[in-house]
Amino acid sequence: MKRWKGVLALSSLSALLMGALALGIALGAVPVSPLDKDPTNRLILLHIRLPRVLLAALVGGALGLCGAVMQGLFRNPLADPYLLGIASGATAGAALVIALHLEVYYWGFVPLGAFLGGVLAVTIVYRVAQTRWARLDNYALILSGVALAALFSAVTSFLLFYAGAAHDARRVIFWILGGLGGAQWLYVLGVLGTLLIVGATLVLFARELNALALGEEMAAHLGIEPRHLRKILLFAVTLLTAVAVAVSGTIGFVGLIVPHILRLIVGPDHRVLLPASALGGAVLLTLCDAVARTVLAPAELPIGIITALLGAPFFLFLLRRRAQPGVTL
Amino acid sequence: MIRLEHVRLGYDGRLVLRDLELEIASGEVFGLVGPNGSGKTTLLRAISGRLSPQAGAIYLDCRRLSELSSQEIARELAMLEQEISCSFDFTVREIVELGRLPHRARWQRLSPQDHEIVTRALRLTDTLQFADRSIGSLSSGERQRVWLALALAQEPKILLLDEPTAHLDLRYQLEILELIRHLAVTEDLTVVLSLHDLNLALRFVDRLALLSEGHVIACGDPETVLVPHTIERAYRVRVRRLEGDWLIPEGVA
């Protein structure tokens, strides 16, 4: 019976995603349909609309999945993929490339800089939090993530200040606010490939994540090596998040809200929760992006503003609920 | 059988137990008692393979513990920590199913046989009735039985329990210990458990070791170990023994 519930939830979410994708393709500054014969509209569809909608879905899926894994890994329902300073590291990396005008040599240096910045941030956080016992302290990990985020934000601010040129500043701000305006097929393929490989790996570890809910010691007594598990999962999440940030900047709250809502619907079993969070994240970000493109059309709202407007009140609501006695999240 | 040979245990610079010699026979219910900080938990962690001895060796049957992988250990031995909390609201059955983890490869589904073992563990601990309820909705006594079901689902030969009666009221304390004793016989388990309550230890274990200041200061029959002068030596408390083997604390020594 339980298995059927999982299958039902995942197929409903897939259907929902199809609907969201169709809506995302249809909506926009220029209304187009897949059957359009007009050559200009076909170009818009194929080179602008389609990669953009798919990228939104893929980035949303990556963030939802990473959020679910982080919450399981840290045994904390308020964890998210940016917890360890990855977003601020990535923003600083992109800002550095922009400030030094390195992208004139090759446009791909900007996402590459973001990727490396994100990985650098997580590496530092991980090293700091590693105690003499080669064990990781969760609080140290989270606190050093916060400290490092502040440090990297300072670097970004300095670069913004230093870059001076309004044009460059706007480009850095894009990373801070997040957006899918730069979508192209290469990004779509890159995120798709990473999401498939990392996602499949993560789902294989779903049962171990379930065991981790009983604490690291109990998981160890069930034959799991918590240290290995943590390393593998952190590496996978870092890779996937860094790829997502590299193509879309910082899009907050998707990784926080989506696993949360879905845990209430499908339950905490990660074998269902992980794929469900990926699908749910894809639905949410596709819809948010459609809103971002249409509310001020032909101008565009940075998508990070929309997700934060939705997510921050939700986060506060969760905290409030948690503060009440008798409610466990 | 569990055998410890010249085992020294500690964390980094701090030595907890030195030159430990202990043999626990198969099918035995073996108690560990001693004051706070005397190393009961440390010893259990060492037997569970989570803490490697600084010197000496621990054997499960004839195999050296340090040569077994944690998955191999988990098929032989189940351990319940003193305080177990579940960070998400899993159902009771989902939790007990985790006991099958060491017997399954990562990509393998649970077989019908696994499900049978899980159901049996639930039945043995009398938790089948709330198998589909969430763990958060149970009382601490009920939860303790669920953890026991989880351990049984591992189908271990050895069961290690770190103060299974902590935080339980009088009735639940007796209930859980009677259940553990019963399971030790019916499931042919070797049980090693730490206990704070010496009266419970007197009633429920076959043999016990009294730990104090890094040593086993007495080991054997509870009747002979838990006598006033060894207790005073270990705990610095004077006790009197009543008829029917009840210990009454009289005051700090």
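This is a predicted model: local features need pLDDT of at least 70, side-chain atom pairs count only at pLDDT 80 or more; totals for chains, interfaces and linings use all residues.
1. Core. The largest nonpolar core holds 180 residues, and the members that touch the most others are Leu55(A), Val59(A) and Val191(A). Helix 2 of chain A, residues 39-73, provides the largest share of this core, 15 residues. In soluble globular proteins, nonpolar side chains tend to be buried together.

2. Surroundings of Val59(A). Neighbours within four places in sequence are left aside here. On that basis Val59(A) is in contact with Leu180(A), Val191(A), Ala244(A), Val247(A), Ser248(A), Ile251(A) and Leu285(A). One of these partners, Val191(A), is itself among the core residues that touch the most other members.

3. Contact between the chains. On the chain A side 19 residues take part, in contact with 23 residues of chain B. Helix 8 (206-212) and helix 9 (216-221) of chain A each supply at least two residues to the side of chain A that touches chain B. Helix 9 of chain A gives the most, with 4 residues. By class, this side of chain A has 8 nonpolar, 5 polar and 6 charged residues.

4. Pro102(B). This residue sits in the loop of chain B between helix 3 (92-97) and helix 4 (112-124). Is Pro102(B) buried or exposed? Pro102(B) is buried, because 25 other C-beta atoms lie within 10 Å. Apart from neighbours within four places in sequence, its contacts include Leu222(A) and Gly223(A) from chain A, and Gln71(B), Ala74(B), Arg75(B) and Gln154(B) from chain B. Between the C-alpha atoms of Pro102(B) and Val185(B), which are 83 residues apart along the chain, the separation is 24 Å.

5. Open sheet of chain B. Four strands of chain B form an open sheet in the order 2-1-4-5, with antiparallel pairing. Strand 2 (14-24) and strand 5 (63-64) of chain B are the edge strands, each pairing on one side only. Strand 1 (residues 2-11) and strand 2 of chain B are joined over 7 bridges in the antiparallel sense. Within strand 2 of chain B, Leu17(B) is the residue opposite Leu9(B). Helix 1 of chain B, residues 40-47, lies across strand 1, strand 2 and strand 4 (55-60) of chain B, and runs at about 120° to strand 1 of chain B.

6. Strand 9 of chain B. This strand is mostly covered, with 5 of its 6 residues buried. Strand 9 of chain B pairs with strand 3 (residues 29-33) of chain B in the parallel sense over 4 bridges, and Phe30(B) stands opposite Arg207(B) of strand 9. The pairing of strand 9 with strand 10 of chain B is antiparallel, over 5 bridges; here Leu210(B) has Ala218(B) as its bridge partner. The hairpin of strand 9 and strand 10 of chain B has 2 residues between the strands, and Glu213(B) in this hairpin takes a positive phi near 45°.

7. Helix 9 of chain B. Which residues are buried in this helix, residues 228-235 of chain B? They are Ile231(B), Ala234(B) and Tyr235(B). These residues lie on the same side of helix 9 of chain B, because they cover an arc of only 75° around the axis. An α-helix has 3.6 residues a turn, so residues three or four places apart point the same way. The cover over the buried residues of helix 9 of chain B includes strand 9 (207-212), strand 10 (215-220) and strand 11 (237-242) of chain B. Just after this helix, Arg236(B) has a positive phi of about 55°.

8. Strand 12 of chain B. Strand 11 and strand 12 of chain B pair in the antiparallel sense over 6 bridges, with Val239(B) standing opposite Pro249(B).

9. Positive phi in loops. Most residues other than glycine have a negative phi, and most peptide bonds are trans. Glu155(B), not a glycine, has a positive phi of about 50°; Glu155(B) lies in the loop between helix 5 (140-153) and strand 7 (158-162) of chain B. Glu155(B) is partly exposed, with 18 other C-beta atoms within 10 Å. His167(B) has a positive phi near 65° and lies in the loop between strand 7 and helix 6 (170-186) of chain B. His167(B) counts as partly exposed because it has 13 C-beta neighbours inside 10 Å.

Technical notes:
Residues are numbered from 1 along each chain as its sequence is written. Chains are lettered from A and ligands numbered from 1 in the order in which they are written. A nonpolar core is a set of buried Ala, Val, Leu, Ile, Met, Phe, Trp, Tyr and Cys residues joined through C-beta atoms within 7 Å. A residue is buried if 20 or more other C-beta atoms lie within 10 Å of its own, exposed if 12 or fewer, and partly exposed in between; C-beta atoms are placed from the backbone. Two residues are in contact if their C-beta atoms, placed from the backbone, lie within 7 Å. The arc is that of the directions from the helix axis to the C-beta atoms. Ala, Val, Leu, Ile, Met, Phe, Trp, Tyr, Cys and Pro count as nonpolar, Asp, Glu, Lys and Arg as charged, and the others, Gly among them, as polar. Two strands pair if DSSP finds at least two bridges between them. Axes are lines fitted to C-alpha atoms, for helices over the stretch in contact, and angles run from 0 to 180 degrees between N-to-C directions.
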